[in-house]
Each structure stands twice: as C-alpha cells, then as structure tokens.
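Let's walk through this protein together, one feature at a time.

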Amino acid sequence: MSVFEQIDRILLTAAVVLVLLAGLLLLVRIWRGPSMLDRAISLDVIAALIIAGLGAKSAFARDAFYFPVMMVLAFLGFTGSVGIARFIAVRDRPTVTAPAPDTDETTKGPQ
C-alpha cells in the first residue's frame, strides 16, 4: 500500500467518523427541538448526512453503485424540505381580519 492510499484511507475513515458524530448531534437536536422547524431542518440535514455517508462508502469501496441511490435520496430530501416549508408557511401565515362594522348610531349619516 502506497503512502497516498494510506492517506486516502485515513481521510475517508475520518470523514465517516465526522458524519456519524454529526448524525448523533442531529438526533439530539431532533429530540430536544424546541420547535417543529428545528426538527424539520434536522431531518433535512440527516438526509444530507446519509448521502455523504453513502458517498464515503462508495469512495472507500471504489464503487459507483450508490450514485443513483444518492441522487434519489437527494431528490426525496429536497421535495420533503419543500413540502415541510410550504406546510409551515401556510400554518404561520398571518390572518387578515376585516375591520369591524361601525355600530355607533351617532356617527352614521342620514339614512
């Protein structure tokens, strides 16, 4: 094994360890919240971490088998994020109320 291959294996192992650490921290964020938006963003980042983990596995095995799987996961993560964002946007939309009708008889003009 050459020096470059050894450095490559060390860097890939470090990348996998960092992806796993980030996944554990994101699970803590999902558990603690505090809002639904925090949880939605964490789930989106977990989808990205799964893609990164598959990319590291592909690089470690020197196999391009997982690239289509990564593309599908990226598409699903994107559509899930858009769906959650639209749901939150509709839920948090301010309501417009019509002004109350004037019921004071003294301010009304002749009828």
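## How two helices pack

In this predicted model, helix 1 covers residues 3-32 and helix 2 covers residues 36-61. Their axes lie 9 Å apart, and the two helices pack at an angle of about 160 degrees. Because angles over 145 degrees count as roughly antiparallel, helix 1 is roughly antiparallel to helix 2.

Now look at how the pair cross: helix 1 passes helix 2 in a left-handed crossing. Which classes of residue make up the contact of helix 1 with helix 2? There are 16 nonpolar residues, along with four polar and five charged ones.

Is Ser 58 buried or exposed? Its relative accessible area is 3%, and a residue counts as buried when that value is under 20%, so Ser 58 is buried.

What does Ser 58 touch, leaving aside its neighbours within four places in sequence? Ser 58 is in contact with Asp 63, Tyr 66 and Phe 67.

## The whole chain

Stepping back, the chain has three helices and zero strands. Read from the N terminus, the order of elements is α-α-α.

The chain has 111 residues, and 14% of them count as buried. Its accessible surface comes to about 8,900 Å², with 72% of that belonging to carbon and sulfur atoms. Among contacts in the chain with a separation of 6 or more, 43% come from residues 24 or more positions apart.

Notes
Residues are numbered from 1 along each chain as its sequence is written. This is a predicted model: local features need pLDDT of at least 70, side-chain atom pairs count only at pLDDT 80 or more; totals for chains, interfaces and linings use all residues. Side-chain values use heavy atoms; hydrogens and water are left out. Helices (H or I, at least four residues) and strands (E, at least two) are DSSP runs, numbered from the N terminus. Buried means under 20% relative accessible area, exposed over 50%, partly exposed in between (1.4 Å probe, protein chains only). Contact means heavy atoms within 4.5 Å. Accessible areas come from the Shrake-Rupley method with a 1.4 Å probe; for residues, only the protein chains shown count as cover. Axes are lines fitted to C-alpha atoms, for helices over the stretch in contact, and angles run from 0 to 180 degrees between N-to-C directions. Angles under 35 degrees count as roughly parallel, over 145 as roughly antiparallel, 65 to 115 as roughly perpendicular and the rest as oblique. A crossing is left-handed if the near helix is turned anticlockwise from the far one by less than a right angle, and right-handed if clockwise. Ala, Val, Leu, Ile, Met, Phe, Trp, Tyr, Cys and Pro count as nonpolar, Asp, Glu, Lys and Arg as charged, and the others, Gly among them, as polar.
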